Amino acid sequence: MEDSSKAVDELEDRVTRYPKSRYPVLHARAQFHFGVALADAGRLDDAERALTRAALLFHSHDHEVDHGKANNALGAVLRLTGRLQEAEEAFTTAAEALERSALRLEHGASRFNLGLVQRDLGDYEGAIGSFERARDLLQRKVAPAQAAAVQRELGATLLLLGRLDEATAVLRQAVDIADETNDFIGLGAAWNTLGLTHLAAARLELAIEAFTAAAGASPMSVRPEAFAMAKSNLALAHERAGELAPARSAARQALAIRAAADPVVEQAAGVLERLGDEPGDLHYVLDQQQPAQWPAIVREEVVRWVDAGSDEQRAEAKAWIEGALERFDQGEDRAEAWVGALLELPPEGADSLIRSTIEALMTMEPSDQDRFRSDVSSAMARFHLPQWMRLRDAFNRIAGDLGEGSAWM
């Protein structure tokens, strides 16, 4: 924030240093950079004024390329303020000015921005034309991130028009480009939009795969809003496929994200209203997956438990214990996935879940307690010695605090 403020102050000084009456073009360039900095700082009204001045001066002095760049930046500000018709005019002016230049990237950006605002205005056919023109200009080899964004937004627009096969082909390309360039933000968005396309076409298995990949590209600790959106959509896809436990689990994980957008929350809550919200779905989710997938699945659910209230923690812990005991032939393997998830938590989070687990375990039959304790102790021994010792000590310490005298080895 300090760097942004410093940049604004320096550029404002530059505007003053080159008065319009004496250095009109230099003044216009200073206003342009000043306006971009103001926009980056969130001062949109001031940015609009600076960029408008720059655009007018460039136009009056026949600096067509600079005029196009200024209008492109101005259009972005106007779109952010919700003035879509004015934004469309600015982007159109920018595209026309830049079309006569050799600046393919800048021209492509203006066409892309024009497509976005046309779609905002409901002109889907116009948006498709703009995105297709932008795709021609923003080549995959030269500007892969921009090319992926164009493919993604073109696919999303085709989806809105119900042109599902075309949307699918375009969005697969968006996924490929984003994946090749390690653009994880774009990758998550592309997978999510592809998932929506599959969902609209009732290709439920493919939709589930796409939404799962979208969540994987947007970890909850890094991009929580995108993670929540992917999980909410995943819940809906599982519900439509009749897979109730995975649907409820995904919906709960979406709802656990405080930053989730209102439509995401409403959709996830609707799934739970229709399917119920009893604890204990995690084992049923694992039943449908290969053991290699268990650690990631358990990790996401355990993180949700940490943020839940103590009553919900104990309920989930009891359901986890009961489910593990019912699957006695897989007890140690499932305990290993659970222990691995505990090891990745902050110490206070791990302690909270260990406490809830021991509290739930103390309500069960002694033979069940012994078997679960044996499975967990064996699973802990599969980890490196420092990790094993840390968990063993935590279990024994908390068990002692609760008056549960049995040892965790």
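**Pockets, core and aromatic pairs**

Modeller: In this predicted model, about 330 Å³ of space lies in the second largest pocket. Of the 16 residues that line the second largest pocket, Met-220, Ser-221, Arg-299, Glu-300 and Val-303 are the closest to its centre.

Colleague: Which element gives the most to the lining of the second largest pocket, and how do the residues of that lining divide into nonpolar, polar and charged?

Modeller: H16 gives the most, with six residues, while H11 and H16 each supply at least two residues of the lining. The lining of the second largest pocket divides into 10 nonpolar, two polar and four charged residues.

Colleague: How much space lies in the largest pocket, and which residues are the closest to its centre?

Modeller: The largest pocket holds about 540 Å³ of space, and of the 21 residues that line it, the closest to the centre are Thr-212, Lys-231, Leu-234, Gln-289 and Ile-297. Two or more residues of this lining come from each of helix H11 (204-217), helix H12 (224-240), helix H13 (244-255) and helix H16 (294-307), and H11 gives the most, with five residues. The lining of the largest pocket divides into 10 nonpolar, eight polar and three charged residues.

Colleague: How should I read the largest nonpolar core, and which of its residues touch the most other members?

Modeller: In soluble globular proteins, nonpolar side chains tend to be buried together. Here the largest nonpolar core has 39 residues, of which Trp-338, Phe-372, Val-376, Phe-395 and Trp-408 touch the most other members. The largest share of this core, seven residues, comes from H18. Leaving aside residues up to four places away in sequence, Phe-395 touches Trp-338, Leu-342, Ile-354, Ile-358, Val-376, Met-380 and Trp-408.

Colleague: How is a pair of aromatic rings described, and how many aromatic pairs does a search of the whole structure find?

Modeller: A pair of aromatic rings is described by the distance of the centres and the angle of the planes. The search finds six aromatic pairs. The rings of Tyr-18 and Tyr-23 have centres 5.7 Å apart and planes at 90°, so this pair is edge-to-face. Tyr-18 is partly exposed, at a relative accessible area of 26%, and Tyr-23 is also partly exposed, at 30%.

Colleague: Why does the pair of Phe-395 and Trp-408 count as tilted?

Modeller: The ring centres of Phe-395 and Trp-408 lie 4.6 Å apart with the planes at 35°, which falls between the cut-offs of 30 and 60 degrees, so the pair is tilted. Because Phe-395 lies in helix H21 and Trp-408 in the segment after H21, the pair ties together parts that are 13 residues apart in sequence. Phe-395 is buried, with a relative accessible area of 0%, and Trp-408 is buried, with a relative accessible area of 0%.

Definitions and conventions: Residues are numbered from 1 along each chain as its sequence is written. This is a predicted model: local features need pLDDT of at least 70, side-chain atom pairs count only at pLDDT 80 or more; totals for chains, interfaces and linings use all residues. Side-chain values use heavy atoms; hydrogens and water are left out. On a 1 Å grid over the protein atoms alone, a cavity is a set of points where a 1.4 Å probe fits but cannot get out, and a pocket is an open set with protein on both sides within 12 Å along at least five of seven lines; lining residues have an atom within 4 Å of a point. Grid points are joined across faces, edges and corners, and a volume is the space filled by probe spheres set on the points. Helices (H or I, at least four residues) and strands (E, at least two) are DSSP runs, numbered from the N terminus. Ala, Val, Leu, Ile, Met, Phe, Trp, Tyr, Cys and Pro count as nonpolar, Asp, Glu, Lys and Arg as charged, and the others, Gly among them, as polar. A nonpolar core is a set of buried Ala, Val, Leu, Ile, Met, Phe, Trp, Tyr and Cys residues joined through side-chain atoms within 4.5 Å. Buried means under 20% relative accessible area, exposed over 50%, partly exposed in between (1.4 Å probe, protein chains only). Contact means heavy atoms within 4.5 Å. Rings of Phe, Tyr and Trp (its six-membered ring) pair if their centres lie within 6.5 Å; planes under 30 degrees apart count as stacked, over 60 as edge-to-face and the rest as tilted.
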